[in-house]
Amino acid sequence: MTSRGVLAIVALAQGALLVALIVLIVLNRWFRLRHRARVHPRVVAVNAAMQRWALGSVDLGTVLVHLSRLPVPLAVDALVSWSARVPGDRWRQLAAALRGHWWARIVRSNCASARWWKRLEAARFLAVAATSEDTPRVLTLLRDPHPAVHIAAVATLERLESAALTTAALERLPRLAPTVGAYYAGMLRRSRPVVVQLLLKMLRRAGDPALPRLVEFAGRLKEPALRERLTALTGHPDPEVRVQAARALGSYPHRESLAALRVLRSDQAWAVRAQAIRSLGMIADPTTLPLVRNALRDAEWWVRLRAALALTRFGATGQDALLQDEVGADPAARDMARLVLGLSPQALAEYAA
Amino acid sequence: MNELVRAGDQVILVYFLVLNSFYALLLILSIPEIWEQTRLAADDDFQRLMQSDALPPITLLVPAYNESATIQASVTAILTLEYRNFEVIVVNDGSKDDTMERLRAAFDLYEVPRTYPDTIATRPLRAVYRSRSRTRLVVLDKENGGKADSLNAAINASRFPLVIAVDADTLIEPDALLRLTRPFLLGRHIAAVGGTVRVANSCTVEHGRVTDARVPRRFLPGVQVVEYLRAFLFGRLGWNRLGGNLIISGAFGLFRKDDVLAIGGYRTASVVEDLDLVVRLHRYLLRRKVRYEMPFIPDPVAWTEVPESGRVLARQRERWHRGLLAAMWTYKGMLFNPRYGRVGLIAVPFYTLGEALAPLVEVLGYVITAVGLALGMVDVSFALLFMLVAWGYGMLLSLWAVVLEEVSFRRYRRIGDLTRLLLYATLENFGYRQRTVWWRLKAFFTVWRQQHVWGEMTRTGFQSAGKQVPEPATARRTDAQG
């Protein structure tokens, strides 16, 4: 075949493709319109049935019939959106009824799908409709490599109490990005008794690289049972652990916390000093005011900032200390006091966060 | 002569085949990528996560030079973005108009002592201001040093670990910051994330927000809508899969501050500071064998005004291409260098040979074809057929971008807008493409003598609720690389 022949074939193929693309665009619009016209009334019907069922005016069977008429992704969407509005007992009835329903069985079987979006659909469904029999499935989803899947799966902890699930989520927590970790922490807080016992064990693993994240989480829990262990960790050789311990102790106003923070205030690592001063400000014990004020002369800017912000939490005496330092002899303390005294209350709150 | 023309023909044919095969690869790779991204964008749990308190705080860097007409509206719009923890640092880069006075009056600014070190050297700072009415706002007043210098000054003053450079005239969608942080939530080392920049001309803007997306009726801005769709929706999505995104738009890209500081911030000598920054980031991270990603995600959107006149567009395209040539020359050590992995072996060669040299090859092709036709060495029907195939391929790529837009985000809902998109995608190859080749070709002559010259961008202003903003503004700016 000549090169002209090849080009002619390519040109013809291109022409066909161009026409096909234009047809595809037109068909896509048409299908979307048609799909919307067909599905929208069913969505409305499901919402109406859910509302009536929540009020007790129709039986559960009606809801299930309407749900089964929806495409599976939209049925899962409807379940997710209604799960927050229906009281727990009634919702558990629905979850139990869905256990044997044909489309729910299909969604459950997607837990092992090779396609992540199928697993995501299963995770979203189980997050609102899991029963105790689904624990192994949710465990698999919690260990899923795709973030969207395990993030959806961890929401199951809101509805299903299970030591196995809580342990799996807590084991994963230290390896997560901070924001995802915070989301996990929010979910784990609901299973407090199990979490506290597990944490007490995990915080004893001195060589665990996950220790800083676990200490951070323990600080967020503000659980009195954890205070003693957190105080012990202020002497840990890893500065990151000490940073997190210093930060956590701010939520535990206790004389042992104050004693540990006094020591950390002279730590070699500036990040530890900054967090210790921040925590002293949170506890705002009057006996520590000179210590906090002294930190305004620290060599590190961030420690001075934390000290100035901490002083604002000591009330009038802290404010007086700042005003004195604003006109004092130390230039570093003067600049910092001037900066913080010039901040509006909202800016102060943002800085202190 | 005969042999020379024939050899030239063959070289251009091979170039054409290789380059277009690569575009076909990008096109194929963009399909699973847009599928994944649209799924993630619609995931409710992710949306919930992205609205949590623990999101990484962000500093928005807003350089402003002679932006008096628009600065108040722009900063107000930026301050009302949906994000929990962010600060806005506006840098008045020695404006000759009353930009600083407008800022002072609009946001009740008061001077505060400067309490941070000059991590990156910049032109002298005159003063630092905070706002009594908007606590998130910090304003730096400094001597004129250019956009890169302003961005560096803002990075010095920023408190947060992520920074995003935003042009004062760019309209960011309210949830765009939330969406941009999505890759940072996935626990990997994300060095930077780019979002989509769309054309705001002819769109209705209310309170600094695009409320009605339209495709312009005028050809020049209209055809740029197709160009932007092509560049963002399949070009950069395809590159995600190849791991070598070289362009994160300077008008809308989120960067990890530590990495930006490690490479010394923006290079003030560069014409396209965004491309330069991204290439240097790649080089820095690859040399240190850091496993990182620099993804583009399509759902966060910023809107920008594109040139409506050929004169301004010509200057912009010449500048972009000048910047590309300069960057590829500066970092020529990365070309085909296995030390830089896929960036050195695929991305830099593509941008050097496929993008930077493309206008030269295209013009050479036209010249050789013309000479061949004149001397009777090239068959007329063959030449026409070849041209038809080349143009048809260009149309296919543009139409594919429209298809991706239609099946994913569908911002242009009216049939009229869709028709115009299809029309521009078809007409782009007849005249407009050749003009852009000429504008880009001029960069080869200007690249060595005027590296630092910025083109003036005349703006007509956004349509505000159907009405044209009366004050036209003239200022320096960067736009998304096409």
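The radius of gyration used here is taken over C-alpha atoms, and the globule rule is 2.2 Å times the number of residues to the power 0.38. With that in hand, let us walk through this predicted model, starting with the overall form of its chains.

**Two chains, two outlines**

For the 482 residues of chain B, a compact globule would have a radius of gyration near 23 Å, and chain B agrees, because its own value is 23 Å. Chain A is another story: a compact globule of 353 residues would come out near 20 Å, but chain A has 29 Å. Along the principal axes, the C-alpha atoms of chain B fill a box of roughly 75 × 50 × 50 Å, while those of chain A fill a box of roughly 85 × 65 × 40 Å.

Chain A has 21 helices and zero strands, whereas chain B has 14 helices and 16 strands.

**The sheet of chain B**

Ten strands of chain B form an open sheet with mixed pairing, and their order is 3-4-5-2-1-6-11-8-12-7. At the edges stand strand 3 (109-112) and strand 7 (171-172) of chain B; each has a single partner strand, so one side of each is left without a neighbour in the sheet. As background, strands of a sheet pair through backbone hydrogen bonds, either parallel or antiparallel.

One pair to pick out in the structure is strand 6 (residues 162-166) of chain B with strand 11 (residues 252-256) of chain B, which run antiparallel and share five bridges. To find the place, look for B:Leu162, which stands opposite B:Arg256 in strand 11 of chain B.

**Helices that pack together**

Two packed helices are described by the angle between their axes and the distance between the axes.

| Helix pair | Axis distance | Angle |
|---|---|---|
| Helix 9 (residues 273-287) and helix 10 (residues 310-330) of chain B | within 9 Å | roughly 25° |
| Helix 3 (residues 72-83) and helix 5 (residues 102-109) of chain A | within 11 Å | roughly 95° |
| Helix 7 (residues 135-142) and helix 9 (residues 163-172) of chain A | 10 Å | about 5° |

In chain B, the axes of helix 9 and helix 10 cross at roughly 25°, which makes helix 9 of chain B roughly parallel to helix 10 of chain B. The crossing of these two helices is right-handed. Helix 9 of chain B brings B:Leu275, B:Asp276 and B:Val279 to the contact, and helix 10 of chain B brings B:Gly323, B:Leu324 and B:Ala327. By type, these residues are four nonpolar, one polar and one charged.

In chain A, the axes of helix 3 and helix 5 cross at roughly 95°, so helix 3 of chain A is roughly perpendicular to helix 5 of chain A. Here A:Val72, A:Ala75 and A:Val76 in helix 3 of chain A meet A:Trp103, A:Ile106 and A:Val107 in helix 5 of chain A. The residues of this contact are six nonpolar, no polar and no charged.

Helix 7 and helix 9 of chain A pack at about 5°, and they are therefore roughly parallel to each other. A:Thr135, A:Val138, A:Leu139 and A:Leu142 of helix 7 of chain A make the contact with A:Ala164, A:Leu165, A:Ala168, A:Ala169 and A:Arg172 of helix 9 of chain A. This contact has seven nonpolar residues, one polar and one charged.

**Where the chains meet**

Finally, let us look at the two chains together. In total, 36 residues of chain B are in contact with 40 residues of chain A. On the chain B side, the elements giving two or more residues are helix 1 (2-42), helix 2 (44-50) and helix 13 (380-407) of chain B. Helix 13 of chain B gives the most, with 15 residues. The residues on this side of chain B divide into 25 nonpolar, five polar and six charged.

Note on methods
Residues are numbered from 1 along each chain as its sequence is written. Chains are lettered from A and ligands numbered from 1 in the order in which they are written. This is a predicted model: local features need pLDDT of at least 70, side-chain atom pairs count only at pLDDT 80 or more; totals for chains, interfaces and linings use all residues. Two strands pair if DSSP finds at least two bridges between them. Helices (H or I, at least four residues) and strands (E, at least two) are DSSP runs, numbered from the N terminus. Axes are lines fitted to C-alpha atoms, for helices over the stretch in contact, and angles run from 0 to 180 degrees between N-to-C directions. Angles under 35 degrees count as roughly parallel, over 145 as roughly antiparallel, 65 to 115 as roughly perpendicular and the rest as oblique. A crossing is left-handed if the near helix is turned anticlockwise from the far one by less than a right angle, and right-handed if clockwise. Two residues are in contact if their C-beta atoms, placed from the backbone, lie within 7 Å. Ala, Val, Leu, Ile, Met, Phe, Trp, Tyr, Cys and Pro count as nonpolar, Asp, Glu, Lys and Arg as charged, and the others, Gly among them, as polar.
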